[in-house]
Amino acid sequence: MKFLVINGPNLNMLGIREPAIYGSNTYDDLIDKIKNHCEKKNIETVFYQSNHEGDLVDAIQKAYFDKIDAIIINPGAYTHTSIALLDALKAVGIPAAEVHISDVDSREDFRQISYIRLYCRFTISGEGFDGYCMAADRLYDFLKVTG
Ligand code: DQA
């Protein structure tokens, strides 16, 4: 199985950015953690981060041609604004999970809307970096069942 892990704007600033909310570990630490976790299950991982909405759309579209089995996506602030990301996920039809490092449900009102949630199979929020690994496990189990 091959999973694509997409991170949106400002997630390249992990470790520097609001450590009280997002922790002190970096984006590279996040990649290491997910990669190590997935390797144990023989899941190949591909990573993509961008601060630009259109580039994130391109990455989702590319996943179709690269025969990606599942997408784990944390679109950062684009979660709350982007219909284009929702449409891209619908266009490719690849099983996807929404992940947030912080507990968005208990934060500001403007973080309560998620457009991609309308497509994603499930959302994991507030579990820190572990949330990405939990999402990988659930997508793996789902794909095992559906073949
Ligand atoms: C985030 C939550 C978003 O509201 C915020 O804009 C982010 C990060 C998270 O991982 O907790 O950039 O997606």
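Accessible areas come from the Shrake-Rupley method with a 1.4 Å probe, and for residues only the protein chains shown count as cover. This is a predicted model, in which local features need pLDDT of at least 70 and side-chain atom pairs count only at pLDDT 80 or more, while totals for chains, interfaces and linings use all residues. Residues are numbered from 1 along each chain as its sequence is written, and side-chain values use heavy atoms, without hydrogens and water.

**View 1. Surface and extent of the chain.** The chain exposes about 7300 Å². Carbon and sulfur atoms supply 49% of that area. Along its principal axes, the C-alpha trace spans about 40 × 30 × 25 Å.

**View 2. Secondary structure.** The chain holds 5 helices and 5 strands. These are DSSP runs, numbered from the N terminus: helices are H or I with at least four residues, strands E with at least two. Their order along the sequence is β-α-α-β-α-β-α-β-β-α.

**View 3. Polar atoms at the ligand.** A polar side-chain atom of His80 lies 2.7 Å from a ligand oxygen. For His100, a polar side-chain atom is 2.8 Å from a ligand oxygen. A polar backbone atom of Ala77 lies 3.2 Å from an oxygen of the ligand. Taken alone, the ligand exposes 320 Å², and the protein buries 98% of that.

Methods: A polar contact is a pair of N or O atoms within 3.5 Å; within protein, one must be able to donate a hydrogen and the other to accept it, and residues adjacent in sequence count only if both atoms are side-chain atoms.
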